[in-house]
Each structure stands twice: as structure tokens, then as C-alpha cells.
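Subject: Structure for you to look at

Hello,

Here is the structure I said I would pass on. Please open it first, and then read the notes below.

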Amino acid sequence: MKLKKQLTLSLLVAGAIVLHIVEVMLPAFLVIPGAKLGLANIITLFVLLYFGFKSAITVITLRIFLSSLLIGTFFSISFFLSLTGGLLSLLVMGFAYYFYSYKFSIIGISVLGAAFHNFGQVVMASIIINNWRLIFYLPYLLLLSLPTGIFVGLVVIKLSNYLEFDLSKK
């Protein structure tokens with residue numbers, strides 16, 4: 001059973017890397033520069049709900065490190081933005097899921113994750129370039145967190161229905 005779980009998580013890491021690279025290659029179609037759909041977050045939320053927090057932190061960390069190596073952004077500003085946003089997002093989603101799942105749906109948890117991903121990135125960017133005026137960029141990103149978080153949450157729900165397992169079990 002342990003080998004099956006490791007193999008499944010490895011495939012999910014690979015899928016998250018592919019989704020991240022595809023998203024990097026997509027043209028910026030949103031009005032806000034740097035805003036993305038968060039396709040790799042589909043895998044992160046899925047792993048959190050189905051395999052737990054420990055597995056999710058492993059998957060997101062591997063995805064960020066390996067995809068940054070593959071696209072040549074390792075230890076660049078975008079690497080640190082991705083790492084900060086991803087880990088903060090996962091911490092908040094995990095907290096909401098494990099302690100407040102009676103208040104938040106999967107879509108609500110996803111929207112929280114999207115919002116805190118943006119928050120973490122803006123704070124890290126402000127630290128890196130030593131300019132706190134970037135905080136004024138945050139309301140626009142938080143507004144975009146709503147549709148992107150809803151999209152990711154809906155995809156995770158559809159994926160869990162397709163794969164026929166119950167996300168209500170912890």
C-alpha cells in the first residue's frame with residue numbers, strides 16, 4: 001500500500017509540474033500582470049484533501065523545486081514568489097480544512113488558498129525589492145482570487161467525482 005501511495009504521489013507531482021509549465025507558457029490574458037489561473041493548485045488541493053497535509057507539502061515542494069529547475073528559474077525571484085505563495089496557501093488551506101471544514105466548502109478552501117497565495121507572493125515581492133507600495137497591487141489580485149479559486153475548487157470536485165472517492169472523509 002505504501003508503494004502504491006508513493007507511486008500515485010509521484011504521478012501527481014509530475015502532473016503538477018506539467019500544469020505549472022503549461023501555465024507559464026500561456027500568454028498573459030488577464031488584465032493584471034503576473035496573474036495566473038493556478039492550474040498546479042488543482043493537484044495541491046486534491047492531494048491535501050485525499051492524502052493529507054504531509055503529502056501535500058511534499059508534493060508542492062517537489063513541484064516548485066523541480067519545475068523551477070526545468071524552466072530555469074531556480075533561486076530566481078519567481079522561484080521565491082512561487083515557494084512563498086504555495087506554502088502559505090497550503091498552510092491556510094490545511095488549517096481551514098482540518099479545523100473549519102464545517103464552515104468552508106472545498107470551493108471556499110480553494111478561494112482561501114488562492115487569496116493567500118497572492119498575499120504571500122506580494123509580501124515576498126515587497127521584501128525582495130524593498131518596496132512596500134506593492135501592497136497596493138494586492139486588492140486586484142485578491143479580487144482575481146475569487147474566480148480562480150472557484151475554478152480550482154470546481155475542478156477538484158469534478159476530479160474527485162470522476163475518480164469516485166469521497167472527499168468528506170479525512
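At what angle do helix α2 and helix α3 pack, and how far apart are their axes? The angle is about 160° and the axes are 7 Å apart, with α2 covering residues 40-51 and α3 covering residues 53-71. Axes here are lines fitted to C-alpha atoms, for helices over the stretch in contact, and angles run from 0 to 180 degrees between N-to-C directions. Helices are DSSP runs (H or I, at least four residues), numbered from the N terminus.

Before going on, note that this is a predicted model, in which local features need pLDDT of at least 70 and side-chain atom pairs count only at pLDDT 80 or more, while totals for chains, interfaces and linings use all residues. Residues are numbered from 1 along each chain as its sequence is written, and side-chain values use heavy atoms, with hydrogens and water left out.

On the α2 side, the contact (heavy atoms within 4.5 Å) is made by A40, N41, I43, T44, V47, L48 and F51. On the α3 side, F53, S55, A56, V59, I60 and R63 take part. By class, these residues are nine nonpolar, three polar and one charged. Ala, Val, Leu, Ile, Met, Phe, Trp, Tyr, Cys and Pro count as nonpolar, Asp, Glu, Lys and Arg as charged, and the others, Gly among them, as polar.

Next, α2 itself. Its twelve residues reach 16 Å from first C-alpha to last, close to the 16 Å expected at 1.5 Å a residue (the expected span is 1.5 Å times one less than the number of residues). Eleven of the twelve are buried, so α2 is largely enclosed by the rest of the structure. Buried means under 20% relative accessible area, exposed over 50%, and partly exposed in between (1.4 Å probe, protein chains only). The cover over the buried residues of α2 includes α1, α3, α4, α5 and α6. After α2 comes G52, with a positive phi near 105°.

Another helix pair is α4 and α5, which pack at about 145° with axes 7 Å apart. Their contact has 16 nonpolar, ten polar and no charged residues.

Lastly, T61 lies in α3 and is partly exposed, at 27% relative accessible area.

Regards

Notes: Helix = DSSP H or I, 4+ residues; strand = E, 2+ residues; numbered from the N terminus.
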